Amino acid sequence: MGVTIDTARQPRRLYRARDHRVVAGVASGLARHLRVSPLAVRAAFVILLGFNGLGLMLYAGFWAVLPYERVTGEPRRRDVSQLVPFIAIGLGLILLQVLVLGRNSSVTGTAGWLVAVVAVGAGIIWHESTPERRRQWTEALPRFPWLGTFLEETDRRLFLFRFIGGGLLVAVGVIGMVAVYVPAENNEAVVNGVLFALLGLLGVGVVAAPVLWRTVSQLRAEREGRIRETERAELAAMVHDQVLHTLALIQRNADDVKAVQRLARGQERSLRNWLYKPTGSPTERFAAALEEAAAEVEDTYAIAVEVVVVGDRENDERVAALVMAAREALVNAARHAGVGTVSLYAEVEPEQLSVFVRDRGAGFDMDAVEDHRHGVRGSILGRMSRHGGHAEIRSEIGDGTEVRLFLPMERDAVTSGRER
Amino acid sequence: MTDNARLRVFLVDDHAMFRAGVRAELGAHVDVVGEASTVAEAVSRIAAATPDVVLLDVHMPDGGGRAVLEAMRKSHPQVRFLALSVSDAAEDVIGLIRAGARGYVTKTISPDELAAAIKRVAEGDAVFSPRLAGFVLDAFAARPDAPVADPELDQLTNREREVLRLLARGYAYKEIAKELFISIKTVETHVSNVLRKLQMSNRYELSRWAADRRLV
């Protein structure tokens, strides 16, 4: 069902224009396709006419192979007048022979055949239009019935095969033309031959370019479609694995507010990361490591951690220690402050990393913390000083707690978040 | 607060359920004078309703909050916009603020906080969440390589930076005032200045930042 495929995809195709036409609509159709002025196209044709009538031949060729612009609603019927271009091609070829080869009648016959070979090759290359058009081609070439069956095929590989075959024919014709002219030892004839061969190649190029372009754009569209499909599948898998399961759990635990909040928060976080955040490895990046620590605390203690990280840098042993200290501060806030939300702010500066963990909870008196409690002293203050940083804890009863962590840095180790 | 002093609020969101929820939750604090679900609807109805504050969704099918802001800003400068979105992606936040929103809050905000934010916006103040403060700090981070077209306009002063840092750390305005030994009014001025700079600062600079940010 080649027709269905053709209409479904709608690439920008080259048609002969029905409106604005002077002779057959070739020039205006081309102009529309190339998005240039029709006048320029017509002028180009006229100028090419000067090169041994190439313009006329090209025009006739386009006329012969281009379908009429499709008009919606109107049934398409065969246009008998489209046989006329073949006569025009023949006339053009004869004219060319007379113009170029008139003086040397001994090679006229051979060269004429070679030109015919080139024309047939170009025709095969250009064969890429609708099946209808192919049928017309077949009917227009009663001398080559085998070509007809060849052209009816819609298979992709055969298209490539035909393309190469056509190219071969063209090449043989062009080489033959040069070969025929060279033994004549006539400089003018050689120049003419080469010139003609070049022009022929140019013409074939003009004819073949849209085909190549279309093939390439079709391939690209296919690849884009595949990528979209993969993304969709990934999203569907993600929604199935996480979102649907979370929603089911929420329905089952509907009366347990804490559990529902924890589930919803965890799901929100993972969806958000999936949608907006690049995948940064917590073992490599400072920001990702902090966010992971915050997520763990959120999940374990059913509180919300508002994470704000300005800048980013590579992770190393000292940075990991800072992250661990920040995690400990978050855990303390979650366990003792008695609030639902804790803020975590981290800033990466050229000279130092700083992390602030703040809650608005109960607060405590530093001096009243007993010596055997190691949470604050060992995990935060001690860890920071072991790695060359320092920590401050500010807490007031009733006004919440802020843990401030600072870690000095060598300048060169810093990268900003944008330069990842 | 008497009834005739209540703030007139307009809701723009393409999810009817969400509008209904916000309307119900805000009913005790403000008057919801209208709703719209598309950009076109929003533009015509806001002009008719002349609310004090518009709660604006960022992502809508036909252009989003930005389109509404750009359509309304010139003709109705007295209407203030507070973005209320489920997205806290940097591009969305900075984009809306630059288009002229006076604040940006996410949909997980509690009703009381939302009411407070609306009040603050209506009074001409800016609403900065810690996250937004973080984005701004990131956007204005000192980059010696980047040429600054108008230093006066594009750079944050040290004081403004300090205020933003404290905001990002989760401090309230009055706590910032206490911390820096300045008045709350001064804090508000600094924050408003930051907002103004964000709206007016070097376009190329910030758009490049946003583009880079997406690539990160």
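Mentor: What follows goes from the aromatic rings to the charges over rings and then to the contact between the chains.

The model is predicted. Over all chains, the count of aromatic pairs is two. In one of them, Tyr345(A) and Phe356(A) have ring centres 6.0 Å apart and planes at 25 degrees; planes under 30 degrees apart count as stacked, so this pair is stacked. The pair links distant parts of the chain, with Tyr345(A) in strand β2 (residues 341–348) of chain A and Phe356(A) in strand β3 (residues 352–359) of chain A, 11 residues apart. Tyr345(A) has a relative accessible area of 0% and is buried. Phe356(A), at 6% relative accessibility, also counts as buried, because the cut-off for buried is under 20%.

Phe356(A) pairs with Phe406(A) as well, and here the geometry is edge-to-face: the centres are 5.8 Å apart, with 85 degrees between the planes. Phe406(A) has 12% relative accessibility and counts as buried. Together, Tyr345(A), Phe356(A) and Phe406(A) form one aromatic cluster.

Arg169(B) lies over the face of Phe356(A), at 3.6 Å from the ring centre. Within chain B, the charged end of Arg120(B) sits over the ring of Tyr173(B), 4.3 Å from its centre.

Now the interface as a whole. Contact between the chains involves 25 residues of chain A and 23 residues of chain B. The area buried between chain A and chain B is about 2200 Å², and carbon and sulfur atoms give 45% of that area. Between chain A and chain B there are seven salt bridges. One salt bridge is formed by the side chains of Glu175(B) and Arg360(A), at 2.9 Å from N to O. Across the interface of chain A and chain B, 10 residue pairs are in polar contact, with both residues at pLDDT 80 or more.

On the side of chain A that touches chain B, the elements that give two or more residues are α11 (257–276), β1 (304–310), β2, β3 and β5 of chain A. The largest share of that side, five residues, comes from β1(A).

How values were computed. Residues are numbered from 1 along each chain as its sequence is written. Chains are lettered from A and ligands numbered from 1 in the order in which they are written. This is a predicted model: local features need pLDDT of at least 70, side-chain atom pairs count only at pLDDT 80 or more; totals for chains, interfaces and linings use all residues. Side-chain values use heavy atoms; hydrogens and water are left out. Rings of Phe, Tyr and Trp (its six-membered ring) pair if their centres lie within 6.5 Å; planes under 30 degrees apart count as stacked, over 60 as edge-to-face and the rest as tilted. Helices (H or I, at least four residues) and strands (E, at least two) are DSSP runs, numbered from the N terminus. Buried means under 20% relative accessible area, exposed over 50%, partly exposed in between (1.4 Å probe, protein chains only). A charge sits over a ring if NZ of Lys or CZ of Arg is within 6 Å of the ring centre and within 35 degrees of the ring normal. Contact means heavy atoms within 4.5 Å. Buried area is the accessible area (1.4 Å probe) that two parts lose on being put together, summed over both. A salt bridge is a side-chain nitrogen of Lys or Arg within 4 Å of a carboxyl oxygen of Asp or Glu. A polar contact is a pair of N or O atoms within 3.5 Å; within protein, one must be able to donate a hydrogen and the other to accept it, and residues adjacent in sequence count only if both atoms are side-chain atoms.
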